[in-house]
Amino acid sequence: MLEPDARARMRRGRVRTALGRFFDPYRVHSTVLDGLADVCRFHEGYDGKDVVLSGAVSRRSTRCVFLFRGYVAMHPLTGTARLWRGRSFFGTSHVWQEGAMDLENPQVVTRGPVTALSLPGRALHQVISHEPTLGMTLLRMSFEQQQIMEDVYGASNDAPLVRVAGLLDYLAIDRPVIAMADDGRRVMTSRHKKAITGPTQTDIADALGMGRATVEKALATLRKEGALKPTPPGQRKNRYYEIADEERLKLIAMGITPV
């Protein structure tokens, strides 16, 4: 059995590694990540139940969240719930001045397996006060997410099929193909596929402001058009979506009818 100090070092090492991978595209200095690692909580895995990473119980979010892998449903205090994929940040109000932007303090709930880190808003504000470059990085991420918000969720006048295709195109990520070895073990291959695991059809409907029946019809059409694969045996139909033809899906998301 590991001693408490050894467990703490192991936990901090996992947190530091996840932070490094999360911020890798932004070249955040290692000393900044070291400071964050001391105050972050690590979230990983999935036991069949979704977890609240940050609760919007008041106009001051209890925790800020760095989502590295997986999906979350983000519920603002007012407005529509949204679905987000990995490498997203939640807690903009704590970047420069705690509590300055009320509507940026959402409830964040996992949808399926995730790798994420969370920390108190005050702790993040304190780190940023000593390392303003981190605040600039997080603001840059927030601007990028705002652009995704406009591209994916802003076109409310488009047909339901177009909007569902656009959301699936955003959410889909590369996943390794798992195969059965001769001895019966499941092994990871060098092949990849694009798929979404976690959000339900109700999540998609809520995120797009549609009825579930409308989303079900759009998904059925996407499968019929060859953009989505039929759900394989053993997978939960309402939580798994595999892309069969990425180019076709993108064309439908643009409102173009493929030939």
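**Close-up 1. Arginine 12 and its salt-bridge partner.** At 27% relative accessibility, arginine 12 counts as partly exposed in this predicted model. Its side chain meets that of aspartate 38 in a salt bridge, with 2.7 Å from N to O. The pair joins distant parts of the chain, 26 residues apart: arginine 12 sits in helix α1 (residues 4–22), while aspartate 38 lies in the loop between α2 (30–37) and β1 (41–45).

**Close-up 2. A salt bridge between arginine 111 and aspartate 203.** Here the closest N and O atoms are 2.7 Å apart. Arginine 111 belongs to the loop between β7 (107–110) and β8 (114–120), and aspartate 203 to helix α6 (residues 201–208), 92 residues apart. Arginine 111 is buried, at 12% relative accessible area, and aspartate 203 is buried too, at 9%. Look around this pair and you will meet a network of salt bridges linking Asp50, Arg111, Asp203 and Arg239.

Close-up 3. Arginine 212 is partly exposed at 38% relative accessibility, as is glutamate 216 at 36%. A search of the whole structure finds 14 salt bridges.

**Close-up 4. Helix α5 packing with helix α8.** The axes of α5 (residues 160–171) and α8 (residues 246–253) lie 7 Å apart at an angle of about 135°, which makes α5 oblique to α8. Their crossing is left-handed. Leu161, Val162, Ala165, Gly166, Leu168 and Asp169 in α5 meet Leu249, Lys250, Ile252 and Ala253 in α8. These contact residues divide into 7 nonpolar, 1 polar and 2 charged.

Note on methods
Residues are numbered from 1 along each chain as its sequence is written. This is a predicted model: local features need pLDDT of at least 70, side-chain atom pairs count only at pLDDT 80 or more; totals for chains, interfaces and linings use all residues. Side-chain values use heavy atoms; hydrogens and water are left out. Axes are lines fitted to C-alpha atoms, for helices over the stretch in contact, and angles run from 0 to 180 degrees between N-to-C directions. Helices (H or I, at least four residues) and strands (E, at least two) are DSSP runs, numbered from the N terminus. Angles under 35 degrees count as roughly parallel, over 145 as roughly antiparallel, 65 to 115 as roughly perpendicular and the rest as oblique. A crossing is left-handed if the near helix is turned anticlockwise from the far one by less than a right angle, and right-handed if clockwise. Contact means heavy atoms within 4.5 Å. Ala, Val, Leu, Ile, Met, Phe, Trp, Tyr, Cys and Pro count as nonpolar, Asp, Glu, Lys and Arg as charged, and the others, Gly among them, as polar. A salt bridge is a side-chain nitrogen of Lys or Arg within 4 Å of a carboxyl oxygen of Asp or Glu. Buried means under 20% relative accessible area, exposed over 50%, partly exposed in between (1.4 Å probe, protein chains only).
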